[in-house]
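Please have a look at the sequence and the model before I go on.

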Amino acid sequence: MSNLPSAPYTSFSHVDRYPGNPILTAADFPADHRIQHVFNSGIVRFNGCYLMICRCENSMLKPVFWIADSEDGIRFTPRPEPMVMPTDDPEFARYTSATFYDPRITPLDGKYYITHAAHSEHECRLSLLETEDFESFTWRGFISEPDNRNGVIFPGKFNGLYARLDRPNVGNGNSAIWISYSPDLIHWGQSKVVLEKSQIHWCYGKIGPGAVPIRTEHGWLNIFHGVRTQCAQHYVYQLGVCLHDLDNPGRLIGYSREAILAPEEPYEILGQAPTVVFTCGALLEDDGSIKIYYGGADRVMCLATTSADRLVALCTAGA
Ligand code: BMA
């Protein structure tokens with residue numbers, strides 16, 4: 001792989017990879033926990049610093065959520081011990097018997113809500129944790145029926161309701177990003193499609209939410225994932241972006257016709273899931289720049305930067 005030219009191979013680019021990628025690898029975690037992969041992690045600003053809930057897997061491929069802290073949003077230090085999950089709860093244990101993964105962190109009303117996928121023989125569901133201090137966590141329960149994943153809660157309320165994006169699996173149907181509303185984060189309804197894979201040429205496998213939406217004066221930026229099958233059973237995951245109305249997030253203002261990040265670098269190609277870039281979180285900085293945190297090949301954590309202006313312009317160009 002060392003003979004590969006460095007990315008990008010294309011003449012266009014909508015994000016800039018951090019030259020020091022990957023920013024976090026399994027080797028950064030205490031050796032006695034035998035962490036093998038760290039990827040698809042959630043991010044939030046907390047107490048003036050950056051806080052990541054890392055999706056880790058150990059040498060038995062058991063799931064571990066592990067908090068890492070950073071002052072600059074680039075160099076992250078894992079805490080001494082992993083997060084304690086509610087695995088003693090029989091209901092939680094039952095419906096996460098295969099694994100749990102892809103944490104997304106939403107700050108809202110002084111609290112932090114963490115959605116994640118929960119996988120068992122009954123397929124995938126969405127689960128919700130809540131915290132105020134990232135020391136103790138309350139498990140609020142499962143918030144979807146099977147088969148649903150990539151639940152992302154907006155960091156805002158709309159006519160008094162919470163809003164969530166997700167990706168129900170619809171077999172060979174027209175995969176789509178859906179929106180639903182809730183008065184209490186537990187009971188969800190008024191569901192409708194906001195963006196379907198057939199609208200975007202490169203998303204011909206599946207399309208689903210990625211990062212927690214970012215509020216800008218022009219609308220909510222939603223950095224999502226799109227999947228295509230390159231040849232039998234070989235999946236390529238890319239990132240795209242769309243823009244939702246500020247007051248009515250069920251209304252799409254526009255979307256980029258092109259992907260904003262495609263797997264090209266060796267750390268995005270070599271791993272347990274080759275050719276995958278996948279995000280669970282991105283942050284808007286005061287200067288208008290955006291940091292996108294993403295997993296490379298289901299193995300390492302990476303960073304790319306762009307700006308709100310660049311992404312909004314992409315979404316409105318073809319609208
Ligand atoms: C998806 C999710 C992601 C993962 C991707 C590629 O279904 O499980 O966490 O990165 O598959 O394996």
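This is a predicted model: local features need pLDDT of at least 70, side-chain atom pairs count only at pLDDT 80 or more; totals for chains, interfaces and linings use all residues.

The lining of the largest pocket divides into eight nonpolar, four polar and seven charged residues, where Ala, Val, Leu, Ile, Met, Phe, Trp, Tyr, Cys and Pro are taken as nonpolar, Asp, Glu, Lys and Arg as charged, and the others, Gly among them, as polar. Residues are numbered from 1 along each chain as its sequence is written, and side-chain values use heavy atoms, with hydrogens and water left out.

By pocket I mean, on a 1 Å grid over the protein atoms alone, an open set of points with protein on both sides within 12 Å along at least five of seven lines, while a cavity is a set of points where a 1.4 Å probe fits but cannot get out, and lining residues have an atom within 4 Å of a point. The largest pocket holds about 420 Å³ of space, a volume being the space filled by probe spheres set on the points, with grid points joined across faces, edges and corners. Among its 19 lining residues, Y101, R149, Y237, F278 and D298 are the closest to the centre of this pocket. At least two lining residues come from each of β2 (35-46), β3 (49-58), β6 (99-108), β10 (148-158), β16 (219-231) and β17 (234-244), the strands being DSSP runs of E with at least two residues, numbered from the N terminus.

What takes up this space? The largest pocket is the space taken by the ligand, by the rule that more than half of the atoms of a molecule lie within 2 Å of the grid points. Around the ligand we find N40, R55, Y101, D102, Y237, A273, V276, F278 and D298, each with a heavy atom within 4 Å of it. This shell divides into five nonpolar, one polar and three charged residues.

For Y237, the distance from a side-chain N or O atom to an oxygen of the ligand is 3.1 Å. On its own the ligand has 310 Å² of accessible area, of which the protein covers 82%, as given by the Shrake-Rupley method with a 1.4 Å probe.

N40, from the ligand shell, is found in strand β2 and has a positive phi of about 45 degrees although it is not a glycine. Most residues other than glycine have a negative phi, and most peptide bonds are trans. A cis peptide bond joins P146 and D147, with omega about 5 degrees, and D147 is in the loop between β9 (138-142) and β10.

How many cavities of 30 Å³ or more does the count give? The count comes to one, and the largest cavity is lined by Y101, D102, R104, H116, A117, L126, N150 and G151. β6 supplies the largest share of that lining, three residues.

Technical notes:
A polar contact is a pair of N or O atoms within 3.5 Å; within protein, one must be able to donate a hydrogen and the other to accept it, and residues adjacent in sequence count only if both atoms are side-chain atoms. Helices (H or I, at least four residues) and strands (E, at least two) are DSSP runs, numbered from the N terminus.
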